[in-house]
Every structure is written in C-alpha cells, then in structure tokens.
Amino acid sequence: MLMKLSDLLAGYEHRVLQGDPGAADIRACIAYDSRRMTAGSMYIAMRGSRTDGHRFVGDAVVRGAVAVMVDHEIEDSMPSQVCVVQVADTRAAAPVVASRYFGEPSREMDVVAVTGTNGKTSVSYMMESALRTAVRARVGVIGTDGCRVAHESIRIDTTTPTTPEAVELHHILRCMRDRGADTVVMEASSMALMLRRVDHTDIKVGVFTNLTPDHLDNHGSMEQYKQAKLLLFRMCHQAVANADDPVSADIAALMPRAVTTFGLDDAEADFRAGDLVVEPTGTRFVLHHDGRRYQAEVPIPGRFAVYNALATVATCHLLGHDLDAVIGALAALPPIPGRFEHFRTPKGVSVVVDYAHSPDSLEKVLSTIRGFARRRVITVFGCGGDRDRTKRAPMGEIAQKHSDFVVVTSDNPRNEDPEAIIDQIMLGMHATSAQVQRITDRRAAIERGLAVADPGDIVLVAGKGAEKYQIIGDQTVHFDDMETVRQLAAKPAN
Ligand SMILES: CC(=O)N[C@H]1[C@@H](OP(=O)(O)OP(=O)(O)OC[C@H]2O[C@@H](n3ccc(=O)[nH]c3=O)[C@H](O)[C@@H]2O)O[C@H](CO)[C@@H](O)[C@@H]1O[C@H](C)C(=O)N[C@@H](C)C(=O)N[C@H](CCC(=O)O)C(=O)O
Ligand SMILES: Nc1ncnc2c1ncn2[C@@H]1O[C@H](COP(=O)(O)OP(=O)(O)OP(=O)(O)O)[C@@H](O)[C@H]1O
Ligand SMILES: N[C@H](CCC[C@H](N)C(=O)O)C(=O)O
Ligand SMILES: [Mg+2]
C-alpha cells in the first residue's frame with residue numbers, strides 16, 4: 001500500500017504545520033500506537049484513557065514515522081523531513097484517513113452494523129448463518145468473538161475490542177473483501193460509536209436490538225448511553241429497530257421513512273412474532289410480515305432469541321434476500337459459542353453456559369430457564385472488575401429471584417478486589433430468598449454448582465460465555481467455562 005498524505009486528506013479540513021503532504025509517502029502502515037511504527041508509517045496521535053498519544057510523537061518519528069497527525073500542539077521538535085498536519089479532532093479524522101488508505105472497502109460490500117446492549121453477537125451469528133445457508137453469501141463478521149470471513153478467522157487477538165479502532169476496522173474490511181466477502185456484519189459498541197471508530201464506514205443497515213442498563217461507568221447516564229447508540233443512526237442508510245423498545249422512536253425521528261421495525265408486543269411492527277412455544281431446545285413462533293404468516297423456529301429457547309431472529313430476518317429482507325429461505329435457515333442455526341450453550345453431564349444435570357453479564361440479559365436467560373425447568377435452577381456467576389459497579393446488586397437480586405441456589409464467584413476481577421465485587425453483588429440478595437454461597441475461585445464455584453445439582457436440575461454458568469480467559473490483576477490466565485464444566489462433570493463426584 002503506497003499513499004500520499006495529501007490523497008488521504010484531500011477535501012478534509014487540516015493545517016500543515018511542517019513538511020509537504022504531497023511528498024509524504026505512507027508506504028508502511030497507519031497506526032495510533034507509536035510502538036507499532038516502522039519506516040514510512042503515519043502516526044495518528046489520539047487521547048486514550050490513561051495518557052495522550054501526542055506525548056509519543058517523538059517516539060513515533062524515531063521509529064520511522066514520515067507523517068504525523070495531531071489535534072493540538074506538541075512539544076517535540078520534528079526533523080524537517082517529517083510532515084506534520086493538524087486537524088480539529090484526530091479521532092474524527094482517523095476513520096477518513098484509514099478508510100481511504102485501504103481503498104474505502106465498506107463501499108464494496110453490504111455492511112450491516114448491529115448496536116444495542118444485548119444481542120449484538122447473537123444477531124451477527126444468526127445473520128452469518130442465515131445468509132450463508134439461504135443465499136450462499138460470503139459473510140464477514142467483526143465482533144466480540146473476533147473477526148472471520150466465510151468461517152475463517154482473520155485475526156486472532158484476544159485483546160481486540162468488540163469494535164476495532166478505525167485503522168484496524170478498515171484493514172479488516174479490506175482483508176474481507178480480498179477474500180471474497182460480499183456482506184459484513186459488525187458489532188458497533190457504544191464505546192466505539194462514542195470514540196468515532198465507526199465513522200466514515202458505509203453502513204447499509206444499522207440494527208438496534210435493545211437498550212438496558214450497562215456501561216454506565218463509561219457513559220455516566222442512560223441518556224448519554226442512548227445518545228452514543230443513536231450515533232449509528234446518523235450514519236447508516238437504513239435502520240432495523242426493535243419496536244418494543246422506546247429507543248426505536250428516537251431512531252425513527254432521526255431517520256424518517258428509513259426504519260423497518262420488529263417486535264413481539266407492538267402490533268404495528270413490520271416483522272412481528274406471536275404464538276411462541278418455548279422449549280429447552282428452541283423456540284417456535286409465527287412470524288407475521290406484510291399480511292403473510294410464516295412458521296418459524298430458532299434452536300435457542302426464549303423470547304429474547306425470537307427478538308434476535310426477527311432482527312436477522314428483517315435485515316436480510318432489507319438486503320434483498322428471500323424471506324422463506326432466510327426463515328428456513330434460522331431453524332438450522334448451529335449453536336452459538338457461549339450463548340445459551342448446553343451440556344448434559346453424565347449424572348443427568350443440564351448445564352447452560354451463557355454470556356449474560358448485564359441485569360437484563362441475566363433476567364432474560366434465567367426467566368427462560370425458569371419457564372421450562374422441572375426441577376431446581378442453580379446459578380453460578382460473578383461481575384467483571386473495573387466495569388460498571390451499578391449492575392452488581394441488581395444482578396445479585398435477579399440471580400436469587402430466579403434460582404434455588406446461587407454460587408457467587410469471580411468474573412475477570414481485573415484490578416479490583418474480587419471479595420469486594422462479591423460483597424457488592426450480595427448487597428442485592430436477601431437472607432430469606434434462595435440459598436447463596438460465595439466461592440471466589442471460579443473453577444471451585446462451578447464445581448460446587450455441579451455438586452449440589454441432582455439429575456434433572458439445571459445449572460446456569462453465566463457471565464463469560466465463550467471467553468477463554470480470566471483477568472486477575474494485570475494477569476490474563478486461560479479459563480473456559482464450558483471446558484471447565486466438561487472436565488468437572490467427568491469427575492465421578494459430580
Ligand atoms: C479504555 C479505552 O478506551 N481504551 C482505548 C484507548 O486505549 P488506552 O486507554 O489504553 O490508551 P492510552 O494508554 O491512554 O494511550 C493513549 C494513546 O497513546 C498511544 N500510545 C501509548 C503509549 C505509547 O508508548 N505509545 C503510544 O502511541 C496509545 O496507543 C493510544 O492511542 O485508546 C485506544 C486507541 O487510541 C483504544 O484502542 C483503546 O480501546 C481499548 C482497546 C478498549 O478496550 N476499549 C474498551 C473501553 C472498548 O472499546 N470497549 C468496547 C465496549 C464493548 C462492549 O460493548 O461491551 C468495545 O468495542 O470493545
Ligand atoms: N435480544 C436480547 N435481549 C436480551 N438479552 C439477550 C438478547 N440476546 C442475547 N441476550 C443475552 O445477552 C447475552 C449476551 O449476548 P450477545 O453476546 O449476543 O450480546 P452483545 O450485545 O454482543 O454483548 P457485548 O456488548 O458484550 O458484545 C447472551 O448470552 C444472552 O444471555
Ligand atoms: N463487552 C463486555 C464484556 C463483559 C464480559 C464480562 N465477562 C466482564 O469481564 O465483565 C464489557 O467489556 O463490559
Ligand atoms: Mg458482542
């Protein structure tokens with residue numbers, strides 16, 4: 001890839017502080033981390049949560065940067081051959097530059113971006129599977145579980161956020177296009193939208209799943225959290241929105257005549273589901289659209305799974321795909337790793353490993369399990385450290401309300417005291433309700449959950465889903481809920 005800085009910034013407001021953008025050849029890479037610079041790179045200085053990238057401009061140049069983009073003054077004096085440009089906001093300019101550098105890949109594919117508190121990854125899997133089976137599309141997926149195209153992983157980095165920074169995002173989109181992708185489904189997290197990682201991406205359909213409390217540490221209030229989510233609907237061409245969530249009205253106000261709705265309660269929704277039959281293996285329902293009724297099913301139990309299925313069907317329809325084929329494909333959806341993933345122990349206990357890590361998702365998953373459980377429900381869960389503390393007590397209350405026995409444990413304590421996190425969860429629990437035990441070590445907690453279960457009981461292990469790690473302090477150690485369940489279930493005592 002060879003590009004002149006002047007091409008990357010053509011028509012974009014900037015001030016040249018030194019050097020000639022027309023002579024600055026970016027022949028290596030663009031990066032916002034000085035430590036990734038090689039000879040012929042461009043460095044974009046951005047403010048992070050701990051420090052300001054502008055402090056590392058000197059380091060970037062020493063390592064080979066030929067072009068530097070800043071949004072405020074820098075102290076380092078630059079060698080004359082380095083071109084330095086100033087823009088109003090480097091986070092806003094980064095996506096423009098990155099997208100151009102990689103040849104505007106989002107324009108060459110149908111890009112769908114999914115936002116909402118819960119269900120983004122689930123909808124991505126459903127879209128991927130439905131489009132692959134129904135219309136043989138080559139689908140790229142970008143999200144919490146990494147990036148893949150046609151089921152082939154394209155970058156394995158457990159630290160990559162749900163929605164990558166713009167530089168990585170457009171690089172990934174280009175790789176996907178080069179590997180023949182025609183459609184990309186990406187998760188757009190509220191943090192990413194706020195940090196402008198998704199700007200300047202050509203998004204055909206923006207999908208809204210729901211908005212419930214989470215990430216209030218980052219956003220401050222539900223109103224600000226909502227405003228972050230709404231940013232997506234200022235940049236996509238069309239929207240698919242959950243009519244049963246009041247935020248769909250805000251989306252409709254932003255995009256009049258460009259919103260397709262789905263729902264269970266709203267009789268006016270464009271795609272509506274009714275007559276749900278929820279079973280442990282899945283959910284059957286009737287889908288109503290345009291005066292027609294379709295028999296549908298999804299192999300995940302619960303109303304929440306139907307919402308995700310409706311979002312998938314509506315989006316595929318908007319992309320021009322055949323409805324019958326898409327609905328048919330949903331019935332054959334393979335299990336989604338770590339989302340209501342089921343395992344039956346030799347003793348006859350049903351174990352569900354699920355990524356519920358917010359009050360609403362825990363409520364949805366547990367009430368679904370409660371709905372079909374014939375015997376006791378045992379829940380093992382914790383809450384992440386260095387993340388929204390306000391969700392801890394409500395999650396404790398929800399776990400206790402729907403379970404007969406709860407083991408409160410650790411879930412990525414990070415730099416917090418695991419005992420203090422458990423204390424905060426237990427503030428939501430009451431002495432009079434279900435039995436509660438605290439076991440800080442997650443493996444021991446799962447073992448306890450399995451040990452107290454009798455044949456026919458259901459054990460929910462919630463919070464980590466398909467994560468392959470436990471973060472304790474600054475250490476990341478291997479940990480996998482499902483693997484742990486299988487190992488422990490093989491022990492005769494369990
Ligand atoms: C907490 C947070 O917002 N972090 C973002 C931040 O990184 P940081 O805070 O570690 O950065 P910093 O250490 O303050 O450094 C500031 C800048 O100086 C640069 N630097 C730093 C040191 C150096 O020697 N040289 C150098 O150039 C850094 O690369 C950075 O660009 O700035 C980086 C880009 O400049 C982001 O990639 C990074 O996102 C990280 C990966 C992250 O995980 N963010 C979380 C909050 C996130 O995005 N989460 C969402 C939500 C998921 C959900 O919905 O649940 C997600 O999409 O995953
Ligand atoms: N539509 C939904 N409404 C409420 N809860 C849901 C919904 N879909 C899934 N869930 C629950 O939320 C959990 C997380 O789902 P998923 O991973 O799809 O969400 P996400 O939005 O991608 O989350 P993250 O922000 O962590 O990436 C699931 O394991 C399930 O418990
Ligand atoms: N994307 C979510 C993941 C949370 C998963 C949970 N296991 C935790 O670590 O809190 C977040 O960053 O809030
Ligand atoms: Mg996700």
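1. Let me start with ligand 2: domain 2 (105-330) and domain 3 (341-490) each give residues to its shell, so ligand 2 lies between them. Those bounds come from an automatic or database domain assignment. Before going on, a word on the model: it is predicted, so local features need pLDDT of at least 70 and side-chain atom pairs count only at pLDDT 80 or more, while totals for chains, interfaces and linings use all residues. Residues are numbered from 1 along each chain as its sequence is written, and chains are lettered from A and ligands numbered from 1 in the order in which they are written.

2. What does the shell of ligand 2 look like? There are 23 residues around ligand 2, and the closest are Gly119, Lys120, Thr121, Ser122 and Ser361. (A residue is near a molecule or strand if its C-beta atom, placed from the backbone, lies within 6 Å of it.) Helix H4 (120-135), helix H10 (303-318) and H12 are the elements giving two or more residues to this shell. Helices here are DSSP runs of H or I with at least four residues, strands are runs of E with at least two, and both are numbered from the N terminus. H12 provides the largest share, 4 residues. Sorted by class, the shell of ligand 2 holds 5 nonpolar, 12 polar and 6 charged residues. For those classes, Ala, Val, Leu, Ile, Met, Phe, Trp, Tyr, Cys and Pro are nonpolar, Asp, Glu, Lys and Arg are charged, and the others, Gly among them, are polar.

3. Now ligand 1. Domain 1 (3-101) and domain 2 (105-330) both give residues to the shell around ligand 1, so this ligand lies between those two domains. Its shell has 18 residues, with Gly48, Ser49, Gly53, Pro161 and Ser189 the closest.

4. Ligand 3 is surrounded by Thr162, His357, Gly384, Arg387, Asp411, Asn412, Gly463, Lys464 and Glu467. Its shell has no nonpolar residues, with 5 polar and 4 charged.

5. How do domain 1 and domain 2 meet? Their centres, taken over C-alpha atoms, are 33 Å apart. The contact takes 10 residues from domain 1 and 10 residues from domain 2, where contact means that two C-beta atoms, placed from the backbone, lie within 7 Å. On the domain 1 side, strand S4 (30-31) and helix H3 (90-101) are the elements that give two or more residues. H3 gives the largest share of that side, 7 residues. By class, this side of domain 1 has 8 nonpolar, 1 polar and 1 charged residues.

6. S4 also belongs to an open sheet of 5 strands, in the order S2-S7-S6-S5-S4, with mixed pairing. (Two strands pair if DSSP finds at least two bridges between them.) Strand S2 (15-18) and S4 are at the edges with a single partner strand each, so one side of each has no neighbour in the sheet. S4 runs parallel to strand S5 (residues 41-44), joined by 2 bridges, and Ile30 stands opposite Met42 in S5.

7. A second open sheet has 6 strands in the order S19-S20-S24-S21-S22-S23, again with mixed pairing. Here strand S19 (341-344) and strand S23 (435-438) are the edges, each with a single partner strand, so one side of each lacks a neighbour in the sheet. On average, neighbouring strands are turned by 15° against each other, direction ignored. Strand S22 (residues 405-408) pairs with S23 in the parallel sense over 4 bridges, and Val406 has Val436 as its bridge partner in S23.

8. Which strands does H12 lie across? Helix H12 (residues 359-372) lies across strand S20 (350-354), strand S21 (377-381) and strand S24 (458-462), and runs at about 170° to S24. Axes are lines fitted to C-alpha atoms, for helices over the stretch in contact, with angles from 0 to 180 degrees between N-to-C directions.

9. On annotation, an unreviewed UniProt entry lists "domain: Mur ligase C-terminal" at residues 338-465. The end C-alpha atoms of that span lie 4 Å apart, and the span is 35% helix and 21% strand. UniProt (unreviewed entry) also places "binding site" at Ser34, Thr162, Thr163, Ser189 and Arg197. These span 164 residues in sequence, and the farthest two C-alpha atoms are 25.2 Å apart, so they do not all gather at one spot. UniProt positions follow the numbering used here, feature names are shortened, and annotations may be inferred rather than shown by experiment.
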